[in-house]
Amino acid sequence: MRGHQDFIPQLDFVLELDGAVIGYIMYTKATLTDVSGHVKDVLTFGPLCIDQRYQRKGYGKLLMAHSFEKALGMGYDAVVIFGMPSNYVSSGFVSCKKVNVCAQGGKFPAAMLVKELKPGALDGRRWDYQDSPVMAVSPEDAYAYDAAFPEKERKHTPDQEAFYIMSHAFLE
């Protein structure tokens with residue numbers, strides 16, 4: 001991702017605790033397009049990672065809050081992500097349907113969440129979301145990348161299944 005033109009190095013942050021990296025967040029550009037064809041530049045982040053030993057202790061929220069402040073200072077006023085709502089609503093994310101942001105094809109995925117960094121930035125009109133092409137990683141490319149690291153046991157966790165369900169569900 002870091003080599004792609006949509007990667008935003010000014011919004012690439014790590015979190016250290018006692019000299020050790022315990023988390024990071026990175027952003028890429030994305031766009032929203034309204035019915036008249038007006039294109040609005042927005043952001044998406046991912047991955048947001050926190051070392052398992054430090055999860056559920058507020059470190060992810062800390063990274064997000066810091067990055068939101070920097071993003072707003074750079075002129076961005078909205079962030080769109082795909083994630084488990086239970087992990088992000090306490091940081092100000094809402095359902096995409098509440099702010100009229102849809103995926104291509106006019107659908108409102110249950111896992112698509114939006115945060116207005118500037119209140120009213122999306123002004124109620126209908127927006128179609130488009131993420132960066134860097135987010136379209138093929139399974140083959142992912143396996144090739146993983147092969148560069150020591151082998152680990154692959155697992156499918158309940159959280160992964162829950163996200164799969166949310167990411168394939170749509171709001172009416």
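User: What follows α1, and what is its phi?

Analyst: G75 follows α1 in this predicted model. The phi of G75 is positive, near 100°.

User: Which residues of α1 are called buried, and why do they line one face?

Analyst: Buried means under 20% relative accessible area. G60, L63, M64, S67, F68 and A71 are the buried residues of α1. Seen down the helix axis, they fall within an arc of 135°, so they line one face. On the other side, E69 and G73 are exposed.

User: What do the buried residues of α1 pack against?

Analyst: They pack against β1, β2, β3, β4, α2 and β8.

User: What makes β4 and β8 a pair?

Analyst: Two strands pair if DSSP finds at least two bridges between them. Here 5 bridges join β4 to β8, and the strands run antiparallel. I81 stands opposite L113 in β8. β4 is also mostly covered, with 4 of its 5 residues buried.

User: What makes a set of residues a nonpolar core, and which residues have the most contacts inside the largest one?

Analyst: Its members are buried nonpolar residues joined through side-chain atoms within 4.5 Å. The largest core has 21 residues, and Y27, L43, F45, F68, V79 and F93 have the most contacts inside it. The largest share, 4 residues, comes from α1.

How values were computed. Residues numbered from 1 in each chain as written. Predicted model: local features only at pLDDT ≥ 70, side-chain atom pairs only at ≥ 80, totals over all residues. Heavy atoms only, no water. Buried < 20%, exposed > 50% of the residue type's maximum accessible area, 1.4 Å probe, protein only. Helix = DSSP H or I, 4+ residues; strand = E, 2+ residues; numbered from the N terminus. Arc of directions from axis to C-beta. Contact = heavy atoms within 4.5 Å.
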